[in-house]
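Hi there,

Here is the structure I promised to pass on.

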Protein chains: 2
Amino acid sequence: MKAKFMQRKLLPAIFMLGVAVAAQAEGKRKVIIDDDIGGPRAAQLMAIQSPDVEVLGITIVSGSTWRDENIAHALRTLEVIGRSDIPVIPGSTFPLLNTQETTRRWEALYGKLYYKGAWTDEKWPDGTIQSQPNYHAHDVVPQISEGMPHTKPSAEIAANFMIRKVHEFPGQVTILATGPMTNVALAISLDPSFAATAKEIVYMGGSLNPHQVLPSKSAEQFAREYINSPRLEFNFRWDPEAAKIALRAPWKHIVMVPADPSTATELSKKLLSDMTKADTPLAQLVKKNTETGFPLWDELATAVWLDPTLIRKSDQLHVSIDTDFGAGYGNTLSWPAAYAPPGLIAQVSTVVREVNVPAFEKMMIRLMNLPTPPAPK
Amino acid sequence: MKAKFMQRKLLPAIFMLGVAVAAQAEGKRKVIIDDDIGGPRAAQLMAIQSPDVEVLGITIVSGSTWRDENIAHALRTLEVIGRSDIPVIPGSTFPLLNTQETTRRWEALYGKLYYKGAWTDEKWPDGTIQSQPNYHAHDVVPQISEGMPHTKPSAEIAANFMIRKVHEFPGQVTILATGPMTNVALAISLDPSFAATAKEIVYMGGSLNPHQVLPSKSAEQFAREYINSPRLEFNFRWDPEAAKIALRAPWKHIVMVPADPSTATELSKKLLSDMTKADTPLAQLVKKNTETGFPLWDELATAVWLDPTLIRKSDQLHVSIDTDFGAGYGNTLSWPAAYAPPGLIAQVSTVVREVNVPAFEKMMIRLMNLPTPPAPK
């Protein structure tokens, strides 16, 4: 009887001690951020600002803006916040198969895309209020408002870096992908064990069925795309073949943040102001170099990775992408289990459909106003 | 001065008299209802019940249920309400190009369709509460709950009837299409002047970006389709090629009622009860033979034709359909003018996105409880 009592009382305690020791051994939550946008990026900074997170590196891909420009922004941001210990690793400049010329041909057949990222060479139609992208060649780095960086990117290639890191910390590394999937697809193609060796992938990409939630003029303008092409989202559309490769890989865990939850969010002037009250290099950098009015697409991906309890509504879905060069090129495909085609190679993802927006904003405000954690010794 | 005064006072009066005379000469608003569903159909009956409307005929097509079954229902309904003067004209049994076998192959590649109309040969997945369609061969007419008809359909073919009537009353006939577009496409292919000779087409079909509005279990189940295939709607999907032919024809006026406004509507038990309070053959027939729980897709099309002021929100869009046999086969395509591909052959439609639901329900309740207008002498 006594032995049994001891067992019941002590085993859970011993078990919990084991978990704590393991957690300490594992250390901080490890993440590689794979990103496609220039500027001081809250989506990157929220992870860097989290005391329990170790950003192993920021891998860069083209998409919204060109890789070389994005590298300059990331390097400069890290300099300003005193975290140049975090490597910036150059990834792909171009998508695997898609090209600007192909995109022009597609538009001639199927209509103008709402957004083309670095390929946006024409004026927005219909009086769009968000600023016009600065169209330039892929190897031109324009003068950036934060100032040019003095540090250099890593000599490694993004896909190789990702592969090296997931094998250095097997089962521990999250890939937080907030741009097109080119780098991720290359890592998978280079190393078939890559996806299963990572802990998980959390990505912003794809679109199920978003609709306008907020009453602002910006929200109304972004809704034009949802109404007429609810399945089309830029990250998937820039490199559809890469997204398909990434989505069929044998990840242990996939969290998809499609366009859908973002329509309840907006980087308003008020939110930017609240996020940048601190007299820290980071807050002041963000304050001076951030355009308001955008939905918080990528920040949501970082946020639900940092705290999954922000997710209010999610579905378990098989997700893939249309890669036929027809009207639906780049469109998200999704199926609940009972509707999926037999033999489909597309993992089940947790698809985030709604988040707790007040809690999300509170998280952003808290993290962005923190002193930046120092580089680990 | 006096002459001028007379002119100002009398000319408007003379003009209004002219309009009244013209209206009398034109008589009632003329409509051909092209429909694909069996049962006493409020979508048809609302037009028949409107004192200012002349239903020239009900042309029948397959879709939700097979043509021959639909003919029996339409004939029987007209018998019960004493309006067998309205001809029921048989149209196409099969889509132009699509087949059940093709649909099975498509599902093997791209996933199970949420609804297949007369081809729905498997049980609904996921505990769907709406009743299972009665799957049977196209030339079998099952015993119908209203009783079998004693009258016969017209010996004419639907497309020929449509062509004949629009030329008999040029510029006056509305085509109210609440099923797949097979009959309409055949009329266009047989007679290139058909579309421009009609007054307009008002149709239920296609889907832009619908989302769940009502909290009911039925609404939640219908939303599964919107979330995972917001661009797919059954009428378009049954005969995509016919829809494409219909949408590029040179109509003078097109009103599209996609799935979108229907999500704010539901034939609840309460609404059915309110619609069928009258002790008339029509109300009692509808009361006894109508399943509740469905969005009011087709009734909306009839309603916004009867009273366009029910439309709360609409867009002017070019509308077409994806006819490539890929993942997007049958998907609605739509573009605001600034985004349409150059040289696109797809007319601008008034796309109904939201209706005034209380006013719509009031209209249904009023019309369905009226005594049925007698046959014209």
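**Aromatic pairs**

Counting over all chains, the structure holds 28 aromatic pairs. One of them joins A:Phe222 and A:Phe294: the ring centres are 6.1 Å apart and the planes stand at 50°, so this pair is tilted. The two partners come from distant parts of the chain, 72 residues apart. A:Phe222 sits in helix α8 of chain A, while A:Phe294 is in the loop between α12 (281-288) and α13 (297-306) of chain A. Do keep in mind that this is a predicted model.

**Where the chains meet**

How many residues does each chain bring to the contact? For chain A it is 38 residues, in contact with 38 residues of chain B. The size of an interface is often given as the accessible area lost when the parts come together. Here chain A and chain B bury about 2800 Å² between them, with 53% of it on carbon and sulfur atoms.

What turns up across the interface of chain A and chain B instead is polar contact, in 14 residue pairs (both at pLDDT 80 or more). On the side of chain A that touches chain B, α4 (100-110), α8 (217-228), β7 (311-321) and β8 (332-335) of chain A each supply at least two residues. By type, the residues on that side of chain A divide into 21 nonpolar, eight polar and nine charged.

**How the copies are related**

**One residue to look up**

B:Ala340 lies in the loop between β8 (332-335) and β9 (348-355) of chain B. Leaving out residues up to four places away in sequence, B:Ala340 touches A:Gly111, B:His318 and B:Trp335. From B:Ala340 to B:Leu317 the C-alpha to C-alpha distance is 8.9 Å, and the two are 23 residues apart in sequence.

Best wishes

Notes
Residues numbered from 1 in each chain as written. Chains lettered and ligands numbered in written order. Predicted model: local features only at pLDDT ≥ 70, side-chain atom pairs only at ≥ 80, totals over all residues. Heavy atoms only, no water. Contact = heavy atoms within 4.5 Å. Buried area = accessible area lost by both parts, 1.4 Å probe. Polar contact = N/O pair within 3.5 Å; in protein donor to acceptor, adjacent residues only side chain to side chain. Helix = DSSP H or I, 4+ residues; strand = E, 2+ residues; numbered from the N terminus. Nonpolar A, V, L, I, M, F, W, Y, C, P; charged D, E, K, R; others polar. Phe/Tyr/Trp six-rings, centres within 6.5 Å; stacked < 30°, edge-to-face > 60°.
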